[in-house]
Amino acid sequence: MSEVHTEADILFTGISQLVSPPPGLQRGAAMRAINVIPEAAMLVRGGVVAWVGPARSAPAAAHIHDLGGAAVVPGLIDPHTHAVWAGDRLSDFEARVSGVAYEDILARGGGIRRTMQATAAASTADLVRLARPRLLALQASGATTTEVKSGYGLDFAAELRMLEAVRTLQSEFALVPTLLIHVPPTSGRAEYVRAVCEELIPQVAAAGLAAAVDVFCEAEAFNVAETRTILEAARRAGLPFKLHADQFQTLGGTELACDLGALSVDHLEVSGPTQIAALAASQTVATLLPGVTLHLGLPAAPGRRLIDAGAAVAVGTDLNPGSSPVYSTQLALALAVRLNGLTPAEALSACTVNAASALGLQGRGALAPGQRADFLVLNSSDWRDVAYTLGISPVGSVYRGGLNISISRGAMP
Ligand code: NIG
Ligand code: FE
């Protein structure tokens, strides 16, 4: 499938615009300070960017690959998905659009709990088979790195099967696995939290099955005290952590996560001035999930106010069957412009370098020397199409480590 030889130098030419934020976390106004090089070239060596600049100053190379006048942007990084699940939520969807609230469906034992039953009944092989087309869809939409959470296991064995499915799929995709402590059992909740802290987290950390721990801090899930206990257990196990918070209520989870040094706090649909100030004063990334606003009709997270306050904002799909059946990272980027008030340049930084930071990753997300050569060749000579186009993909080819990993469009996942 690859068109290029990765070991030798390859010079990509015919780039109308080569566009990238600088490497590393960008916050506040710096999120808009992207570099646009017109009539550019890019030298890739061993899968890593070796040089970028105007085509007229390009170095000599063993191979030349002409991209035909297209704009090039970094590969997108999707920092929040629940791409492994079984079953469906189509009845919940019908109920919701007829007026039943997402939280009420969950409180009645539906919603996430329905997906947990179907997922717990699936084998690891089933989960791999179900997740693969979803990950292919995200990749075709521009995601060259994708985070995938557990969290639909009814018991610990099912949680481990979810993480093993992600491990299997890591041979095909660049995935970052997260252990998500999603919703408590309906009885024995204190015992469950204890077992998560003393058994599950240490076991997952020892097996290297997750790169981080996440908790759903909400009225229908874990309270702030339980969340603190779980995040502290993650820290003891040597795992970074992150949080789902402020989706429906501001319970204090965002402030706690910033205080403890979380990688990111995700959702933030109902965050107010206190949460915005906490994020702006911290190193924690504020991850927006505009697909949830679209699909559940929730308020939009205050992206504009977060950036204006100096926070570092990332954007993800939150691909999952209940709150965001969004199979396109490019669409999440484009929705963040419409729903959260980001500019196209801010949205590009949010979906690249800041998403990398939200996952604790360095060395990818930007097109600059030393960064992994993950990039998108757009079906356009103007990079802004990546933020503009809805309903058809502006992403032409997807390269990871200098290799073209594009696939032809398959069936719906
Ligand atoms: O990120 N909010 C909690 N968890 C997921 C939804 C999971 C589901 O509805 O199945 C989220 O939105
Ligand atoms: Fe989520």
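View 1. Leaving aside neighbours within four places in sequence, Ala-71 is in contact with Ser-16, Gln-17, Leu-376, Val-377, Leu-378, Ser-380, Ser-381, Asp-382 and Trp-383, where contact means heavy atoms within 4.5 Å. This is a predicted model, in which local features need pLDDT of at least 70 and side-chain atom pairs count only at pLDDT 80 or more, while totals for chains, interfaces and linings use all residues. Residues are numbered from 1 along each chain as its sequence is written, chains are lettered from A and ligands numbered from 1 in the order in which they are written, and side-chain values use heavy atoms, with hydrogens and water left out. Ala-71 sits in strand E4 (residues 63-74); helices (H or I, at least four residues) and strands (E, at least two) are DSSP runs, numbered from the N terminus. Because its relative accessibility is 0%, Ala-71 counts as buried, a word that here means under 20% relative accessible area, with exposed meaning over 50% and partly exposed in between (1.4 Å probe, protein chains only). Although Ala-71 and Arg-384 are 313 residues apart along the chain, their C-alpha atoms are separated by 9.0 Å.

**View 2. Ser-380 in the loop between strand E13 and helix H15**. This loop lies between strand E13 (375-378) and helix H15 (385-388), and Ser-380 is buried, because its relative accessible area is 13%. A polar atom of the Ser-380 side chain lies 3.0 Å from the backbone nitrogen of Asp-382, which is a polar contact (a pair of N or O atoms within 3.5 Å; within protein, one must be able to donate a hydrogen and the other to accept it, and residues adjacent in sequence count only if both atoms are side-chain atoms). Apart from neighbours within four places in sequence, Ser-380 is in contact with Ala-70, Ala-71 and Asp-385.

**View 3. The surroundings of ligand 1.** Ligand 1 is surrounded by 15 residues, of which the closest are Arg-89, Tyr-102, Tyr-152, Gln-247 and Ser-323; a residue is counted if one of its heavy atoms lies within 4 Å of the ligand. A polar side-chain atom of Arg-89 lies 2.8 Å from an oxygen atom of the ligand, whereas an N or O atom in the side chain of His-182 is 2.8 Å from a nitrogen atom of ligand 1. For Gln-247, a polar side-chain atom lies 2.7 Å from a nitrogen atom of ligand 1. The protein covers 100% of the 320 Å² of accessible area that ligand 1 has on its own, as given by the Shrake-Rupley method with a 1.4 Å probe.

**View 4. Asn-320 in the loop between strand E12 and helix H12**. The loop that holds Asn-320 lies between strand E12 (313-315) and helix H12 (329-339), and Asn-320 is buried, because its relative accessible area is 3%. A polar atom of the Asn-320 side chain lies 2.7 Å from the backbone oxygen of Asp-318. Not counting residues up to four places away in sequence, Asn-320 touches His-82, Trp-85, Tyr-152 and Pro-325.

**View 5. Helix H8 and what covers it.** Helix H8 (residues 253-260) is mostly covered, with six of its eight residues buried, namely Gly-253, Thr-254, Leu-256, Ala-257, Cys-258 and Leu-260. The cover over these buried residues includes helix H7 (224-236), strand E9 (241-245), strand E10 (264-267) and helix H9 (273-280). Just after H8, Gly-261 takes a positive phi of about 85°.
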